[in-house]
Amino acid sequence: MTEVIVLNGGSSSGKSGIARCLQAVLPDPWLALGTDTLVDAMPASMQASDAGIEFAPDGEVIVGPEFRTLEAAWTEGVAAMARAGARIIVDEVFLGGADSQQRWQKALGDLRVLWVGVRCDSAVAAGREVARGDRVIGMAASQADVVHRGVVYDMEVDTTHAESMECARAIAAHAR
């Protein structure tokens with residue numbers, strides 16, 4: 001049975017909504033953890049530092065060495081929770097495309113992982129971004145394609161026209 005579901009997609013693509021719906025439709029309890037969880041746990045000083053994570057006015061996300069160190073520890077911690085018996089849904093943004101996936105693959109190693117690409121038309125994601133009001137405008141458009149470059153998935157969903165619950169049901173059918 002699947003132990004970890006990794007949802008990868010750009011900002012405002014619908015990953016968090018799918019994760020909540022997955023928690024509702026999967027038969028066992030699943031923890032939903034994401035890159036926002038990691039960023040929110042960091043001290044505010046790291047969110048405006050060359051060493052931490054920066055959000056440029058155009059939506060570009062720039063990560064530094066201190067962020068990478070904490071991210072590596074966090075990734076290993078998520079994997080350890082899965083090895084200890086927790087089922088985990090990872091809500092992730094692979095800014096480095098295939099390189100980001102490789103970091104997760106290394107950490108998750110022996111675990112049974114379902115890799116899911118969450119796609120959304122960049123214009124639709126940009127509209128969601130504006131409606132949310134909690135993202136730098138431009139982030140959705142800049143991430144829509146780059147996060148999928150070189151990434152290999154077990155399945156993909158597209159939230160451009162599909163609702164989160166529809167996507168979650170399709171993913172749950174593969175998470176056996």
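Reader: Let's start with the largest pocket. How many residues line it, and which lie nearest its centre?
Author: The lining is made up of 45 residues. Nearest the centre of the largest pocket are Lys15, Thr35, Asp36, Glu92 and Val93. Do keep in mind that this is a predicted model.

Reader: Noted. What volume does the largest pocket have?
Author: About 780 Å³.

Reader: And which helix gives the most to the lining?
Author: That is helix 3, with 6 residues.

Reader: You mentioned Lys15. Which residues of helix 1 are buried?
Author: Helix 1 covers residues 15–25, and its buried residues are Lys15, Gly17, Ile18, Ala19, Cys21 and Leu22.

Reader: What do those buried residues pack against?
Author: Quite a list of elements. On the strand side there are strand 1 (4–8), strand 2 (30–34), strand 5 (87–92), strand 6 (113–119) and strand 7 (155–158). The buried residues of helix 1 also pack against helix 7 (164–174).

Reader: Let's take strand 5 from that list. How many of its residues are buried?
Author: In strand 5, 5 of the 6 residues are buried, so the strand is mostly covered.

Reader: How does strand 5 pair with strand 1, and over how many bridges?
Author: Strand 1 and strand 5 are paired in the parallel sense, over 5 bridges. As one example, Leu7 has Asp91 of strand 5 as its bridge partner.

Reader: And how many bridges join strand 2 to strand 5?
Author: There are 5 bridges there, and strand 2 and strand 5 run parallel.

Reader: Nice. Changing topic: how many residues are in the largest nonpolar core, and which have the most contacts inside it?
Author: The largest nonpolar core holds 26 residues, and Val4, Val6, Trp104, Leu108 and Trp115 have the most contacts inside it. Two or more residues each come from strand 1, helix 2 (35–41), helix 3 (65–83), strand 5, helix 4 (98–108) and strand 6. Helix 3 gives the largest share of this core, 5 residues.

Reader: Why would side chains like that gather?
Author: As a general point, nonpolar side chains in soluble globular proteins tend to be buried together.

Reader: What is Trp115 in contact with, leaving aside its neighbours within four places in sequence?
Author: Its contacts include Val6, Trp104 and Leu108. Trp115 also touches Phe94, Gln101, Gln105, Val152, Tyr153, Asp154 and Met155. Met155 is part of a second, separate core of 20 residues, which also includes Leu7, Val157 and Ala168.

Reader: On to charges. How many salt bridges are there?
Author: The count comes to 7 salt bridges. One of the pairs is Asp28 with Arg87, at 3.5 Å from N to O. This pair links distant parts of the chain, 59 residues apart: Asp28 is in the loop between helix 1 and strand 2, while Arg87 is in strand 5.

Reader: Which residue pairs with Glu71 in a salt bridge?
Author: Arg103 does, at 4.0 Å from N to O. Glu71 sits in helix 3 and Arg103 in helix 4, 32 residues apart. Glu71 counts as buried because its relative accessibility is 12%, whereas Arg103, at 35%, counts as partly exposed.

Reader: Which residue does Glu156 meet in a salt bridge?
Author: Glu156 meets Arg119, with 2.4 Å from N to O. Glu156 is in strand 7 and Arg119 in strand 6, 37 residues apart. Glu156 is partly exposed at 42%, and Arg119 is partly exposed at 29%. There is also a network: salt bridges with shared partners join Arg68, Glu71 and Arg103.

Reader: Last one. Where is Gln143, and what does it touch?
Author: Gln143 is in helix 6 (residues 139–143). Gln143 is buried, since its relative accessible area is 4%. Not counting residues up to four places away in sequence, Gln143 touches Gly10, Ser11, Val61, Val93 and Leu95.

Notes:
Residues are numbered from 1 along each chain as its sequence is written. This is a predicted model: local features need pLDDT of at least 70, side-chain atom pairs count only at pLDDT 80 or more; totals for chains, interfaces and linings use all residues. Side-chain values use heavy atoms; hydrogens and water are left out. Buried means under 20% relative accessible area, exposed over 50%, partly exposed in between (1.4 Å probe, protein chains only). Helices (H or I, at least four residues) and strands (E, at least two) are DSSP runs, numbered from the N terminus. Contact means heavy atoms within 4.5 Å. Two strands pair if DSSP finds at least two bridges between them. A nonpolar core is a set of buried Ala, Val, Leu, Ile, Met, Phe, Trp, Tyr and Cys residues joined through side-chain atoms within 4.5 Å. A salt bridge is a side-chain nitrogen of Lys or Arg within 4 Å of a carboxyl oxygen of Asp or Glu. On a 1 Å grid over the protein atoms alone, a cavity is a set of points where a 1.4 Å probe fits but cannot get out, and a pocket is an open set with protein on both sides within 12 Å along at least five of seven lines; lining residues have an atom within 4 Å of a point. Grid points are joined across faces, edges and corners, and a volume is the space filled by probe spheres set on the points.
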